[in-house]
Amino acid sequence: MSYSNDVLSFLSAFLSCSCHKMDLVFYQIGLFSVYLPYLVTTQLIGSNALRRKINSTNSLLTRHTFFPTVFSSHLVQHEVVANYSHLFWVPGSDLALVPYMLLAHIDVVPADENDGWEVSPFSAKEIDGFIYGRGTIDNKQSVMGILQALEYLLIRGYSPQRGFFIGLGHDEEVGGLQGAMNIVKVLKRKGVQLAFILDEGLAVLDGVISGLQGPAALIGISEKGQATVKLSVFKAPGHSSMPPRESSIGILAGAVKRLEDNPMPILFGEGPERRTFEHLAHRFGLPIKFVMSNMWLFSPLIVMERSPDTNAFLRTTTAVTMFNSGVKVNVLPSLAEAYVNLRIHPAQTVEEVLEFIQSTVGDERVKMELVNGFDPLPVSSYDETSFGFQTIKKTLLDQFPQVTVAPGVCIGNTDSRHYTDLAKDIYRFAPTWIRPGDTQRFHGINERISKKNYEELVVFYFNLIQNCDIKELPSPHSAGHEL
């Protein structure tokens, strides 16, 4: 879907008039589609091309066409951090209420139409009610959803009681070392402490969990840790006509094979993943319902029946992602290297994982080097006294009464890991609906979001911001906020 300047002007005019719901839906979908071609890929990070691309993105975000009320309101304070990231502050009228923060990121992973995309990955083309494009579900739906929700609230004259920050990082896909980390530095200098943080992460799973009756909204309460380990073997080079019994490649291949044949131990029940299944137990049919409700007895059986999709929740995963050696077909290479990426279960540490690798490889000729890594993130509160979790849950159930809400663990990492000094409770969730086959679209081909789901995201943030104004924990009631 493409738009001329006349259409853009037409869309922006909707912000200054009183519109019925379908007008707003048309506006927000059009706005989202216009934004996609300007996204910044990780290929550009650190390059002159990045500077040109992200300056275009910043110009698009801040110019009057997109969010005129957000950027002209006396209520909203905005600053650009580390040249490319954005930090917004919307002060509340009740200074006794601790502020919170909403996070998202504006960069994306690379995409090439030649990889098998049905359309150009930055075209934002609409097919059968879906908008196709890189970033539609990671994580531009949140970037635009948050800002559009704020735009609509400000148009209505809304002024929050509880203040809140919005942080939009520009390099999450490569670790957030410039964007998120510098936003955190700015907030620390201001002495900011937050009631909770909400970032991307988990989603609404519909038909994804085998045997579960109905959709489940999983709110991430922690993230797995991560480590990248380099394994290397060095031997004297030689001619291929006189090979030794073992080459550097053969030695390293054996080490890699031992790692794959001996996965990390199952830790189901020792981390928060057990609580996920306990919360969902009542939505399974018999006999699974009985098993899930009595995991103290049946957890070994659950583990035995695991599928590859659930394996990541049960243990630290080991993935050999790079293997390099050799420069010529008739030369025995002196050096062979392999890189192993590990996603660390909340019950383990980086140090424990390194010890396991060393023991499993069991070969002094294989040198091990920790390239980078960090331990799993702390577990945020999710009980009945948890303000952040319960407010997110209430907002979800008001909008989607058919879903079951449960805590979960993010197997990937987000910018929020840099914010642990600012908030005890960090949650990772956006109400993106994920159905069978959609998980392969993350960082894959034909990434897409339905127009209906994008509208739902805007409504979710629109309601959440208002629900955070309460002083006491929410009690269930019907939805009261409508666009």
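Ground rules. The model is predicted, so local features need pLDDT of at least 70 and side-chain atom pairs count only at pLDDT 80 or more, while totals for chains, interfaces and linings use all residues. Residues are numbered from 1 along each chain as its sequence is written, and side-chain values use heavy atoms, with hydrogens and water left out.

Start with the sheet. It is open, with three strands in the order β6-β7-β19 and antiparallel pairing. Strands are DSSP E runs of at least two residues, helices are H or I runs of at least four, and both are numbered from the N terminus. Pairing takes at least two DSSP bridges. The edges are β6 (126–127) and β19 (448–450). Each has a single partner strand, so one side of each lacks a neighbour in the sheet.

Now β6 and β7. β7 covers residues 130–132, and the two strands share two bridges. I127 has F130 of β7 as its bridge partner.

Next, helix α14, residues 451–467. It packs on the sheet and touches β6, β7 and β19. Contact means heavy atoms within 4.5 Å. The direction of α14 makes about 75 degrees with that of β19. Axes are lines fitted to C-alpha atoms, for helices over the stretch in contact, and angles run from 0 to 180 degrees between N-to-C directions.

Last, helix α5, residues 140–155. α5 and α14 pack at about 55 degrees, axes 8 Å apart. Contact residues include M144 and Y152 of α5, and L457 and F462 of α14.
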